Amino acid sequence: MESATFRKWLAENGCRFDKHERHHGHAGPVMVTVHRDGRKAEVPLGGSRQILDARVVHQACEDLGLDWSQLPGPKSRV
């Protein structure tokens, strides 16, 4: 699943986002803390076309109390 699609779905499900500042010279994905109903998850939502690992998506959904079977796209993909 693309990062932008997941971010949009999270927002539609009542999530808010806190982007972490990345210090100059540090490599790696841009991590975002996603908040929903007192729960939170850390997700690499840097680039809009970045493909997220299905395990990361499932874990974030579990951490946020969301039903990952409701994700957009073909059900066999996720």
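A helix here is a DSSP run of H or I with at least four residues, numbered from the N terminus. Ser-3 has its place in one such run, helix α1. The model is predicted.

Q: What makes Ser-3 count as buried or exposed?
A: Buried means under 20% relative accessible area. Ser-3 has 2% relative accessibility, so Ser-3 counts as buried.

Q: Which residues does Ser-3 touch, not counting residues up to four places away in sequence?
A: Contact means heavy atoms within 4.5 Å. By that rule Ser-3 touches Pro-44, Leu-45, Gly-46, Gly-47, Ser-48, Gln-50 and Leu-52.

Q: How many helices and strands does the protein have?
A: There are 2 helices and 3 strands. From the N terminus on, they run α-β-β-β-α.

Q: What describes the packing of two helices?
A: The angle between their axes and the distance between the axes describe it. For helix α1 (residues 3–12) and helix α2 (residues 54–64), the angle is about 10° and the axes are 12 Å apart.

Q: Why is α1 called roughly parallel to α2?
A: Angles under 35 degrees count as roughly parallel. The angle here is about 10°. Therefore α1 is roughly parallel to α2. The crossing of α1 past α2 is right-handed.

Q: Which residues of α1 and α2 meet?
A: From α1 come Phe-6, Trp-9 and Leu-10. From α2 come Val-57, Ala-60, Cys-61 and Leu-64.

Q: What makes Glu-2 and Arg-49 a salt bridge?
A: The rule asks for a side-chain nitrogen of Lys or Arg within 4 Å of a carboxyl oxygen of Asp or Glu. For Glu-2 and Arg-49, N to O is 3.6 Å, and the side chains meet in a salt bridge. The pair links distant parts of the chain, 47 residues apart. Glu-2 is in the segment before α1, and Arg-49 is in the loop between β3 (39–44) and α2.

Q: Why is Glu-2 called partly exposed?
A: Partly exposed lies between the 20% limit for buried and the 50% limit for exposed. Glu-2 has 26% relative accessibility, so Glu-2 counts as partly exposed. Arg-49 has 66%, so Arg-49 counts as exposed.

Q: How do you know that Arg-55 and Asp-53 form a salt bridge?
A: The limit is 4 Å. Their N to O distance is 2.7 Å, and the side chains meet in a salt bridge. Arg-55 is exposed because its relative accessible area is 65%. Asp-53 is partly exposed because its relative accessibility is 33%.

Q: What are the closest N and O atoms of Arg-36 and Asp-37 apart?
A: They are 3.9 Å apart, and the two residues form a salt bridge. Arg-36 counts as buried because its relative accessibility is 18%. Asp-37 counts as exposed because its value is 67%.

Q: Where does Asp-37 lie?
A: Asp-37 lies in the loop between β2 (31–36) and β3. Most residues other than glycine have a negative phi. Phi of Asp-37 has a positive value, near 50°.

Methods: Residues are numbered from 1 along each chain as its sequence is written. This is a predicted model: local features need pLDDT of at least 70, side-chain atom pairs count only at pLDDT 80 or more; totals for chains, interfaces and linings use all residues. Side-chain values use heavy atoms; hydrogens and water are left out. Axes are lines fitted to C-alpha atoms, for helices over the stretch in contact, and angles run from 0 to 180 degrees between N-to-C directions. Angles under 35 degrees count as roughly parallel, over 145 as roughly antiparallel, 65 to 115 as roughly perpendicular and the rest as oblique. A crossing is left-handed if the near helix is turned anticlockwise from the far one by less than a right angle, and right-handed if clockwise. Buried means under 20% relative accessible area, exposed over 50%, partly exposed in between (1.4 Å probe, protein chains only).
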